[in-house]
Amino acid sequence: MPFETPISFENIYALQMEGFYVPWESAKVPSPRIIQFNEDLAKELGLNENDLNSELGTEFFAGNEMPIGSSPLAQVYAGHQFGGFSPQLGDGRALLVGEVIDQNNQRRDIQLKGSGPTPFSRRGDGKAVVAPVLREYLIGEAMHALGIPSTRALAAVTTGEQIVREELEPGAILTRVASSHIRVGTFQFFAARGDTEKIQKLADYSITRHYKELEDYPEKYLELLKAVMRKQAALISNWVAVGFVHGVMNTDNMTISGETIDYGPCAFIDDYNPQAVFSSIDEQARYAFGNQPNIAQWNLARFAETLIPLIDPKDSDNAIKLATDELNQFPHLYQQYWLEEMQAKLGLLALEDSEVDLINGLYQAIEGQGVDYTKLFRRLADAARGDDEGLLGLFNDSSSIETWLKNWLEQLSSNGNNLEKIADKMDSVNPIYIPRNHLVEQALQAASKHADYEPFKKFLSVLMHPYEKHDDLQAYEEPASKESGPYVTFCGT
Ligand code: AMP
Ligand code: MG
């Protein structure tokens with residue numbers, strides 16, 4: 001029996017987008033339990049947290065009971081995976097339950113991930129297991145706390161099932177909240193079938209949902225491309241600023257909204273290294289830390305291709321030229337966002353040539369020095385306060401930073417600026433606590449192998465306040481010991 005909940009669904013995708021999904025039902029699971037419920041997000045969504053953090057809520061998060069007003073469906077999409085095109089993907093283990101309008105009047109998708117097989121499951125079982133579900137919960141929420149656009153986690157439940165992976169693993173379901181689940185790959189699905197009508201429908205839907213200001217533009221489809229390019233340039237600059245490596249930037253994992261989505265093999269760098277790759281399956285280093293802006297541009301070119309028939313329906317050469325001119329702007333666009341990130345991280349008051357030189361000079365100074373990327377910026381703020389010991393201690397050879405440090409401090413204190421104030425401002429944008437890979441792994445192992453969720457819960461609470469130092473949380477600041485060897489992630493399914 002469906003239960004009465006206070007969720008007021010308004011399912012526009014289901015109503016308006018026939019042909020973009022199949023209505024589908026979740027599998028039933030034996031004995032669901034909530035691991036984590038996100039009270040703050042529930043409030044933001046205008047949901048009653050007491051009703052959801054309950055037995056009935058648990059049945060909903062497990063897919064056993066669908067609330068009144070929901071219209072569960074599996075969305076279709078395609079995508080380039082590691083450069084090769086798969087024309088038929090889709091929600092193979094997820095269901096869009098419905099949409100709600102949140103407290104800020106924004107439409108948000110509520111999706112169950114791990115809710116059983118769908119027509120798009122291919123050889124997969126449609127299920128998810130504890131470790132990857134909690135990884136997505138932990139890192140998605142950490143990204144949000146860092147001010148980086150991301151899908152969110154409303155709840156994680158165990159299902160009481162044992163799921164076959166390399167070993168048997170406890171089953172789990174994530175309730176994911178997104179400003180939409182429209183991907184570059186959603187457009188590609190219809191482009192691959194030559195269905196221009198559907199592409200136009202999807203483009204119009206995307207504009208209304210995410211870029212309403214473009215609705216009346218005469219060249220709104222070219223504007224849509226530009227808007228998504230801006231969102232992605234900003235997003236990738238956010239990632240790079242905190243040392244995030246997504247790990248699987250396939251076009252089906254790139255959103256039109258500009259939110260980070262799918263935290264499978266992601267990781268954070270410790271030492272600064274543009275070549276850093278963590279995913280075991282990324283053998284060509286396609287998705288290396290420093291290659292993410294290039295890949296974003298590549299993915300956006302695939303998006304642009306789908307829009308060609310809309311950009312100029314009469315003259316595809318002209319449409320291709322217009323789109324190409326825009327795409328060629330991406331490196332510049334990205335660079336601008338990235339410089340602004342760096343400006344804030346380094347407390348620079350302007351962004352003229354001399355500041356840009358300083359930013360670039362820092363990267364030369366840390367190259368090959370084994371410097372922890374996260375600590376670097378907090379220690380720089382300490383140096384601005386007059387204590388450079390911690391900073392110099394990060395370097396294999398501290399002479400590599402001395403000249404740069406002198407120049408930077410001179411630049412900061414020109415015009416009689418208050419260095420103390422600048423340092424405080426730097427600390428408000430440079431996190432102390434990030435999801436350090438080894439700590440993520442420890443928390444997930446405890447949860448998955450021993451049903452001990454405390455390390456996960458504690459770490460989550462630390463990551464919710466990434467900029468506030470707490471002396472008793474020293475262990476959460478530290479990178480993995482060098483002896484532990486390189487960190488490897490596996491595509492979480
Ligand atoms: P991902 O690499 O997680 O972005 O997923 C790529 C594709 O594989 C998507 O179409 C997913 O729905 C599908 N997929 C991933 N894991 C499973 C699974 N366990 N069962 C069915 N489909 C899956
Ligand atoms: Mg995906």
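1. In this predicted model, 36 residues of domain 1 are in contact with 32 residues of domain 2, contact meaning heavy atoms within 4.5 Å. The C-alpha centres of domain 1 and domain 2 are 23 Å apart.

2. The chain is assigned domain 1 (12-181), domain 2 (194-338) and domain 3 (346-483); such bounds come from an automatic or database domain assignment.

3. Ligand 1 is surrounded by 18 residues, the closest being G90, G92, D125, G126 and N253; a residue is counted if one of its heavy atoms lies within 4 Å. Domain 1 and domain 2 each supply at least three residues of this shell.

4. The shell of ligand 1 comprises eight charged, eight polar and two nonpolar residues. Asp, Glu, Lys and Arg count as charged, Ala, Val, Leu, Ile, Met, Phe, Trp, Tyr, Cys and Pro as nonpolar, and the others, Gly among them, as polar.

5. A polar backbone atom of G92 lies 2.8 Å from an oxygen atom of ligand 1. For G126, a polar backbone atom is 2.8 Å from a nitrogen atom of the ligand. The protein covers 86% of the 480 Å² of accessible area that ligand 1 has on its own (Shrake-Rupley method, 1.4 Å probe).

6. N253 (OD1) and D262 (OD) coordinate the magnesium ion, ligand 2, at 1.9 to 2.2 Å. Donors are N, O and S atoms within 2.8 Å of the metal (3.2 Å for Na, K and Ca), and water is not among the atoms, so sites may look incomplete. Both N253 and D262 are buried (under 20% relative accessible area, 1.4 Å probe, protein chains only).

7. Residues are numbered from 1 along each chain as its sequence is written, with chains lettered from A and ligands numbered from 1 in the order in which they are written. Local features need pLDDT of at least 70, side-chain atom pairs count only at pLDDT 80 or more, totals for chains, interfaces and linings use all residues, and side-chain values use heavy atoms, leaving out hydrogens and water.

Notes
A polar contact is a pair of N or O atoms within 3.5 Å; within protein, one must be able to donate a hydrogen and the other to accept it, and residues adjacent in sequence count only if both atoms are side-chain atoms. Buried means under 20% relative accessible area, exposed over 50%, partly exposed in between (1.4 Å probe, protein chains only).
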